[in-house]
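Hi,

Here is the structure I promised to pass on to you. Have a look at it first, and then read on for some notes on its charged side chains.

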Amino acid sequence: MKQRVRAILITQDNTLLLMKRIRPGAAPYWVIIGGGVEDSDATREDALLREVREEIAGEAEISRLLHQLENLKGETEYFYLAHITQWNFDDKTGPEFQRDDRGEYLLDEIPLTTEALASVNLLPEEISDVLREALERGDLHTTV
């Protein structure tokens, strides 16, 4: 079964980096940056760092696993809390950005607050709930 990894990327300014997706005929939605674990990845954490490099030309420091879930395709998704200090969306290299049929990908930086999270259509809904609950507990600090 395919495994996917996602990076809950917290910046030095206490904001969250999300990928905004715009597809024809669908309402915009946001996702946590990440992707599939490849056979060439030694660990899930290596896959996560590779995905961050591909999708936003960024370097992240992983703090810890925050949550895991099974998505609608039956894949296990692992959500890691990570700290990011540099990124350059203009230098993205992921294969999804080379396709014209996937809609738009926009990097969005939102305040790390329950109000800001509630104002975006973050998918899957379960991770949106997990993040809001963790914020309310004060449990989204990164220790690197």
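The structure, which is a predicted model, holds 9 salt bridges. Here are the ones I would like to walk you through.

Let me start with E75 and R4, whose side chains meet in a salt bridge at 3.9 Å, N to O. This pair links distant parts of the chain: R4 sits in strand 1 (residues 3–10), while E75 is in the loop between strand 5 (59–70) and strand 6 (76–86), and the two are 71 residues apart. E75 counts as buried because its relative accessibility is 13%, under the 20% cut-off.

Next come E77 and R6, which form a salt bridge through their side chains at 3.0 Å, N to O. Here too the partners come from distant parts of the chain, with E77 in strand 6 and R6 in strand 1, 71 residues apart. Both E77 and R6 are buried.

The side chains of R64 and D139 also meet in a salt bridge, at 3.1 Å, N to O. R64 lies in strand 5 and D139 in the segment after helix 3 (125–137), so this pair ties together parts that are 75 residues apart in sequence. How exposed are the two partners? R64 counts as partly exposed, with a relative accessibility of 25%, and D139 counts as partly exposed at 22%.

Finally, there is a network of salt bridges to look at: it links D41, R50, E51 and E54.

Notes. Residues numbered from 1 in each chain as written. Predicted model: local features only at pLDDT ≥ 70, side-chain atom pairs only at ≥ 80, totals over all residues. Heavy atoms only, no water. Salt bridge = Lys/Arg side-chain N within 4 Å of Asp/Glu carboxyl O. Helix = DSSP H or I, 4+ residues; strand = E, 2+ residues; numbered from the N terminus. Buried < 20%, exposed > 50% of the residue type's maximum accessible area, 1.4 Å probe, protein only.
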